[in-house]
Amino acid sequence: MTDTADVSRGCRGYEENHVQNWCGNISFGSKQKFVPSTVEELQQVVRDAAPPLRVIGRGHSFSPVAECAGGTLVSLARLNLVLDFQPPSDGSVGSITVQGGTTYSEIAKYLAVGRRGALRNLPSCPQFTVAGAIATGTHGSGVHIPNLAADVSMLEFVRADGTLVRYSRETDAATLEGCRVHLGCLGVVSELRLDVVPFFEVDARTYADVPLEAAVRALPELWTRCDSLSVWTSGFGRGPGSGSCWITLRQFLPHWAPPELRAPPAAPLEAALLGESGYLLERPMGRYCSDVDAPTTYSPTRREPWHSALSLTLDDQAEETSMAVVDLQAEFFVPLERATEALRAVWAASAGWEFGSPA
């Protein structure tokens, strides 16, 4: 296959992934591009690279972190094999060992076969490479669930001189703790191992047209009522959806965590929160970034496999949906106890903006 075909991995939207990031706001500007097929090739590329050297995953960083004008750009798209799998058992986690270019969607597809197991959490867009997601501290959702890097039990890097170094929970627990979120500063990830928990399903309930004021006020309490929470709105300014939002609450069934880290049993949202307009959304709706030429839908309120319910861009068979429609994002992290205050500040700043509907 060509470099372009391998880098895109057959998913629309990634054809230019060796030239620019997914949404196209960053051009890498490299003089050299490499897509190694073996770890030995990767070692040689790193050893001989014209600086600066940068590594790309699926290009979902909206920052210039992978810019490398005049330097070397490396894609690990061909290094995406599952190297080892140890199934979970009662009372103990299993593991999956993969090469550095493996994506969360590829792991989800592997674990979905025969319900082999599950990851504790997923990013909403599992097209990310695991190595890129953990290096940048990428998160899932849930008050009691740490970021995705916490699942890593072993990391292997190719260092600048082309040699390999490995850190694991068994032999270098303290060092591993410090180098999971490494921001690319410790080398190129060639191999990593993740914890695997027993397969579980997710009971998702989505409410539409919930009054935004009520949701903002209740947000800290809403987090305690579910294992995973999403709130979507285009209602801070003027336009469709003004003053309203969608809320999705998710319960893990059966839960992989001890009882003290589980949310209470699911209960319907109260009428006081839903107001006169809010309702349980049971009709199919378009998936996030759904391709206008190949639209896909999902049922927002139902019980489904973990990988489908925790992501917005995987179907029930853990196949990637098209990413040909792009968006540009910015994220802000605030303590949960300051969430209501922070959202009110965003609302005040954007009150005069014109928004389109996320539907």
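Is E304 buried or exposed? In this predicted model, E304 is buried, because its relative accessible area is 4% and anything under 20% counts as buried. Keep that residue in view, since we will meet its partner next.

E304 forms a salt bridge with R302, and the closest N and O atoms of the two are 2.7 Å apart. R302 has a relative accessibility of 26%, so this residue counts as partly exposed.

In one, the side chains of K109 and E319 meet, with 2.7 Å from N to O. K109 sits in helix α3, while E319 lies in the loop between α8 and α9, so this bridge links distant parts of the chain, 210 residues apart. K109 is partly exposed at 39% relative accessible area, and E319 is partly exposed at 34%.

In the other, the side chains of E213 and R344 meet at 2.8 Å, again N to O. Here helix α6 provides E213 and helix α9 provides R344, two residues that are 131 positions apart in the chain. E213 counts as partly exposed at 32% relative accessibility, and R344 counts as partly exposed at 34%.

Now let us turn to the nonpolar residues. The largest nonpolar core has 47 residues, and Y104, L155 and W306 have the most contacts inside it. Several elements each supply at least two residues of this core, including strand β5, helix α3, strand β6 and helix α8. A second, separate core has 20 residues, among them V210, L229, C245 and I247.

Leaving aside neighbours within four places in sequence, W306 is in contact with A108, L111, G117, A118, L119, L122, F199, F200, E201 and V202.

Our last stop is S75, in strand β3, which covers residues 72–75. Is S75 buried or exposed? S75 counts as buried, because its relative accessibility is 4%. A polar atom of the S75 side chain lies 3.2 Å from the backbone nitrogen of A77. Not counting residues up to four places away in sequence, S75 touches V7, F34, V35, P36 and I56.

How values were computed. Residues are numbered from 1 along each chain as its sequence is written. This is a predicted model: local features need pLDDT of at least 70, side-chain atom pairs count only at pLDDT 80 or more; totals for chains, interfaces and linings use all residues. Side-chain values use heavy atoms; hydrogens and water are left out. Helices (H or I, at least four residues) and strands (E, at least two) are DSSP runs, numbered from the N terminus. Buried means under 20% relative accessible area, exposed over 50%, partly exposed in between (1.4 Å probe, protein chains only). A polar contact is a pair of N or O atoms within 3.5 Å; within protein, one must be able to donate a hydrogen and the other to accept it, and residues adjacent in sequence count only if both atoms are side-chain atoms. Contact means heavy atoms within 4.5 Å. A nonpolar core is a set of buried Ala, Val, Leu, Ile, Met, Phe, Trp, Tyr and Cys residues joined through side-chain atoms within 4.5 Å. A salt bridge is a side-chain nitrogen of Lys or Arg within 4 Å of a carboxyl oxygen of Asp or Glu.
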